[in-house]
Amino acid sequence: MHTAQLLEDSLLVVWNDRDADRRLDAMKKIYAPAIHFYESNAGEAIVGHQAINELISTLQAEWPIDFQFVLNKPSQVNHQLQFISWELGPQGAEPVASGMDIAVVENDLIQSLHLFLDAPEKAS
């Protein structure tokens, strides 16, 4: 795929959906079956649709119901790499988190997904 649509769908369709069954169905069209999700450099990969779906359910349970991911600038693609920059929080309010995702795409599916969470800004 020559656009970053897969990665946009990963964020806006999969990670924003609070219905686990619907989310799992969407994952099958976006993620390779053995997708590796790297939440941080310190942790092991979270592998496969079911494990990622469970992670999303756990995280969403900690967030207020109105939290949504939004793009904060257009996504980009360079061959098999896709990059997206996002914010998380209630619509129209200050985001509570921001970061970027980088995906490796092969055979029109995301093979690996890497999260880079922005460090919170320190009050001066």
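1. Burial. Of the 124 residues in the chain, 40% are buried, where buried means under 20% relative accessible area, exposed means over 50%, and partly exposed lies in between (1.4 Å probe, protein chains only). The model is a predicted one, in which local features need pLDDT of at least 70 and side-chain atom pairs count only at pLDDT 80 or more, while totals for chains, interfaces and linings use all residues. Residues are numbered from 1 along each chain as its sequence is written, and side-chain values use heavy atoms, with hydrogens and water left out.

2. Overall dimensions. The chain has a radius of gyration of 14 Å, which agrees with the value near 14 Å for a compact globule of 124 residues; this radius is taken over C-alpha atoms, and the globule rule is 2.2 Å times the number of residues to the power 0.38. The C-alpha trace spans about 45 × 30 × 30 Å along its principal axes. The accessible surface comes to about 7500 Å², and carbon and sulfur atoms account for 53% of that surface. Accessible areas come from the Shrake-Rupley method with a 1.4 Å probe, and for residues only the protein chains shown count as cover.

3. Elements and contacts. The chain contains three helices and six strands, and along the sequence they follow the pattern α-α-β-β-α-β-β-β-β. Helices (H or I, at least four residues) and strands (E, at least two) are DSSP runs, numbered from the N terminus. Among contacts between residues at least 6 apart in sequence, 46% join residues at least 24 apart; a contact means heavy atoms within 4.5 Å.

4. The sheet. Six strands form an open sheet in the order β2-β1-β6-β5-β4-β3, and the pairing is mixed. Its edge strands are β2 (46-47) and β3 (67-78), each of which pairs on one side only. Two strands pair if DSSP finds at least two bridges between them. Helix α2 (residues 20-30) packs on this sheet and touches β1 (31-38) and β6; the direction of α2 makes about 100 degrees with that of β1. Axes here are lines fitted to C-alpha atoms, for helices over the stretch in contact, and angles run from 0 to 180 degrees between N-to-C directions.

5. The hairpin of β4 and β5. Strand β4 (residues 81-90) pairs with β5 in the antiparallel sense over eight bridges. Phe 83 has Ile 102 in β5 as its bridge partner. Six residues lie between the two strands of this hairpin, and Gly 92 in the turn has a positive phi of about 80 degrees.

6. Ala 103 has Leu 113 in β6 as its bridge partner, and Val 105 is bridged to Ile 110 in β6. Two residues lie between these strands.

7. Positive phi in the loop. Most residues other than glycine have a negative phi. In the loop between β5 and β6, Asn 107 has a positive phi near 55 degrees. Asn 107 is exposed, with a relative accessible area of 72%. Asp 108 lies in the loop between β5 and β6 as well, and its phi is near 60 degrees, again a positive value. Asp 108 is partly exposed, at a relative accessible area of 47%.

8. Aromatic pairs. How many aromatic pairs does the rule give? The count is four, with rings of Phe, Tyr and Trp (its six-membered ring) pairing if their centres lie within 6.5 Å; planes under 30 degrees apart count as stacked, over 60 as edge-to-face and the rest as tilted. Trp 15 and Phe 37 have ring centres 5.5 Å apart and planes at 55 degrees, so this pair is tilted. Trp 15 is in helix α1 (residues 5-15) and Phe 37 is in strand β1, so that the pair links distant parts of the chain, 22 residues apart. Trp 15 and Phe 37 are both buried.

9. A further partner of Trp 15. Trp 15 and Phe 69 make an edge-to-face pair, 6.3 Å centre to centre with 85 degrees between the planes. This pair too links distant parts of the chain, from Trp 15 in helix α1 to Phe 69 in strand β3, 54 residues apart. Phe 69 is buried, as is Trp 15. Ring pairs join Trp 15, Phe 37, Trp 63, Phe 69 and Trp 86 into a cluster.
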